[in-house]
Amino acid sequence: MYNFNDPLLNLHEITLTLLSENDPDILLNTILDQAIEFTKADSGSIALLDDTRKFLVIKVFRGLAKDVPEKVKLKLGEGVTGRCILTGKIRNVGNTKEDPYYVSVRSDIQSELAIPLKAGQKSFGVISVDSSRLAAFSREHEEYLNLLANYTAQIYTHQETIRHLNDRQFIQDLVIQISTFLGREPDFKKVFENTVKLLEEKIGLNRAALFLLNDVSNDLTIEYSLNYSENQIERSRYKPGEGLTGKVFSTKIPMVLADISEDKNFLNKSGISRIDSRISFFSSPIILKDKVKGVFNMEIPYVNQGKFSDYAFLVQLLSTFFSQAILIQDLIEQTTSDIKNENILLKRQFDQRFVFENIAGKSNVMQQLFKTLAMAADSNSSILLTGESGTGKELFASAIHRNSLRKDNKLVKINCAAIPSDLLESELFGYEKGAFTGADKDYPGKFLVAHKGTLFLDEIGDMDYKLQSKLLRFLQEKEFSPLGSNKVYNVDVRIIAATNVDIETMITENKFREDLFYRLNVIRIQIPPLRERIEDLPFIVEHLLNKIATNNNKQIKSVTREVYKALESYPFPGNVRELENILERGFVLSKGNTIDIIDIDLPGGTSKELYTQSGSTEKNKKLNINESENTITDWIQNVILSSNEGNYYKDVINELEKELIQLFLKKTFYNKSKTARVLGLNRLTLDKKIKDIPII
């Protein structure tokens, strides 16, 4: 018990006692007890401003109902205490019934004395005492409580400063502990996981996510996370500038929210609950070499303004820390890649096979393409080959595989257009015995066969839309299950896809999945048509003649100048494949060791005109159905002349079918899928007819 005969001595003793106390609640309770005892008040309270500085919240009280703190939250200017903190002046109300600002918290209160608590010139709380007597508080009471309030403010501010320094020290110790992860672990994924698990344990971290910019889709997508489901990760995609995450990315400025439920910019794409508790949100950019690469977000239950400020400071430290960790990993990967590339180059110096030996061309466009192929061969990324039909996309896929690190493993090829969609799935992913009628044994599927190697998906644009989804899942997860099986296979397969159609247009028509396109289109290689590299014609002709000679056991190594002239003036809608067919026909019909203009037949009559100009009078035995001067009857008669009795019907029909298929192949620029659709044939049927009846 203190001696109130000497208030100043009493106040000095209280101060000495409280200076050694670090608990703010003990300080406030002690001060309130002294205020009530000195003034002989019936009740009292100490209220502090909340974090928003808009409301007074009762922290300690005496002589009031237990539910008063929940029921009474006065705005600035409301009630005697609200006016006190708003004006920063003492309020001594001798008759509460006559005071227009008084808010009743107890029915018998007739007097109230309110003293502001100040840190400097700024008020942060109020000491208030009440009495059931009129004019209960004197000038002496005002002076003593004012001194008490000043001491209280100084001690409370001192304690808050110490607490804040302790919190900052805790944060700094936490960061030091986190920094050790970087020294021990070069793998950023493990660094991130260790960090967020520590934060979950130490500060109650709810969730965390690190977004990186996807260069293909231009979306910010979650690459690393804590407590996000797969569905939430998929939904949490932001464009630069979209929502808080997108704004942090675009502005490079950290952003924080004390309560996510109070800000419309928090889009909540992942679906976090906003009603269970007050959740704070912290976001800071990931910057590498002055360029924003992503954003780090974390969500933590709100405790108080002090901790909120500490966590806002922490998220900036963590984003800098993660930026450095990513940079270190990138440097390690780059160094590893450089060493690997150097080894590859050394191997190539001793490996004479490292030429794109089956692809002829010395034009600038092809030399640049060969460089691209060499770089593409060194990576494990998916490749999309695009170009017109007949440009040799399968040949390019083979060259990429042969010159890659996977060359000692299998290159598995499959034509998506040549296999009906209901069979393509089992062909790709395999099936288990008994999966369906006729499945009398296990079938491994192309993905399993291609493990550690390369899978070439030709004419990917013809793949069924539903099957595209399963292919996308494989590309994302690198695992699959055969039909009728619960087994999950994890395989290492590089995908090379090819198409001669405009995939982007198919996407707009909802015929091809955009997300699958992004997965396949990591490296895109556009193969030029033959007409755009006509200077390569001599090299291609020489290469094809050697190939044809090997297959036909006959030596022809050149063509005449007239043939070159004819070939150079022809646009080659069927590209190299059409050129090979033309040369093979000439090879077969040639009577010498050189292919002459009379031996080849270019659509449009080009070779015939050149042959006429050269003075030759020999005529072709067969007439082309496209030549308007010949009637159907003449054409049939010519076919019969080269046929035998008993075979007239079959030979005429076969020849007509051949001419018809050839006509539409040329019209569709040798797009077999389109030709099959126009003619009303199954693609497999068309392929068989082309094989059985050589098409020029």
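Colleague: Which way does α12 pass α14, in a left-handed or a right-handed crossing?

Modeller: In this predicted model, α12 passes α14 in a left-handed crossing.

Colleague: Which residues make the contact?

Modeller: From α12 they are Leu 424, Glu 425, Leu 428 and Phe 429. From α14 they are Leu 467, Lys 470, Leu 471 and Phe 474. By class, that gives six nonpolar, no polar and two charged residues.

Colleague: At what angle do the axes cross?

Modeller: Roughly 15 degrees, and the axes come within 10 Å. The helices in question are residues 421-429 for α12 and 465-477 for α14. Angles under 35 degrees count as roughly parallel, so α12 is roughly parallel to α14.

Colleague: Now α17 and α19. What is the crossing angle there?

Modeller: Roughly 55 degrees, with the axes of α17 (residues 537-552) and α19 (residues 575-589) coming within 10 Å. The two helices are therefore oblique to each other. α17 passes α19 in a right-handed crossing.

Colleague: And which residues of α19 are in that contact?

Modeller: Val 576, Leu 579, Glu 580, Leu 583, Glu 584 and Phe 587. The α17 side includes Leu 537, Ile 540, Val 541, Leu 544 and Ile 548. Taken by class, the contact of α17 with α19 has 11 nonpolar, one polar and three charged residues.

Colleague: What sits between β5 and β6?

Modeller: Two residues separate the strands of that hairpin, and Gly 120 takes a positive phi near 70 degrees.

Colleague: What is the strand order in the five-strand sheet?

Modeller: β14-β15-β18-β13-β19, in an open sheet with parallel pairing. β14 (411-415) and β19 (523-526) are the edge strands, each pairing on one side only. From one strand to the next the twist averages 15 degrees.

Colleague: How many bridges hold β13 to β19?

Modeller: Four, in the parallel sense, with β13 covering residues 383-386. One reference point is Leu 385, whose bridge partner in β19 is Ile 525.

Colleague: And the six-strand sheet, what order is that in?

Modeller: β9-β8-β7-β12-β11-β10, also an open sheet, with antiparallel pairing. The edge strands are β9 and β10, each pairing on one side only. β8 and β9 pair over two bridges, and Leu 220 has Tyr 238 of β9 as its bridge partner.

Colleague: Which strands of that sheet does α6 touch?

Modeller: Helix α6 (residues 188-203) touches β7, β8 and β12, and its direction makes about 60 degrees with that of β8. α8 packs on the sheet as well, touching β7, β8, β9, β10, β11 and β12. The direction of α8 makes about 140 degrees with that of β12.

Colleague: Which α8 residues are buried?

Modeller: Gly 243, Leu 244, Thr 245, Gly 246, Val 248 and Phe 249, within a helix that covers residues 243-251. Those buried residues pack against strands including β7 (207-214), β8 (219-226) and β12 (291-301). Just after α8, Lys 252 takes a positive phi of about 65 degrees.

Colleague: What about Leu 318, buried or exposed?

Modeller: Buried, because its relative accessibility is 1% and the cut-off for buried is under 20%. Leu 318 lies in helix α9, residues 305-350.

Colleague: What is Leu 318 in contact with?

Modeller: Leaving aside neighbours within four places in sequence, Leu 318 is in contact with Ile 178, Thr 195, Leu 199, Phe 296 and Met 298. The C-alpha atoms of Leu 318 and Ser 284 are separated by 8.5 Å, and these two residues are 34 apart along the chain.

Colleague: Last one, the whole protein. How many helices and strands?

Modeller: There are 24 helices and 21 strands. Of the 696 residues, 44% count as buried. Among contacts between residues at least 6 apart in sequence, 62% join residues at least 24 apart.

Note on methods:
Residues numbered from 1 in each chain as written. Predicted model: local features only at pLDDT ≥ 70, side-chain atom pairs only at ≥ 80, totals over all residues. Heavy atoms only, no water. Axes fitted to C-alpha atoms, helices over the stretch in contact; angles between N-to-C directions. Parallel < 35°, antiparallel > 145°, perpendicular 65-115°, else oblique. Left-handed = near helix turned anticlockwise from the far one by under 90°. Contact = heavy atoms within 4.5 Å. Nonpolar A, V, L, I, M, F, W, Y, C, P; charged D, E, K, R; others polar. Pairing = 2+ DSSP bridges. Buried < 20%, exposed > 50% of the residue type's maximum accessible area, 1.4 Å probe, protein only.
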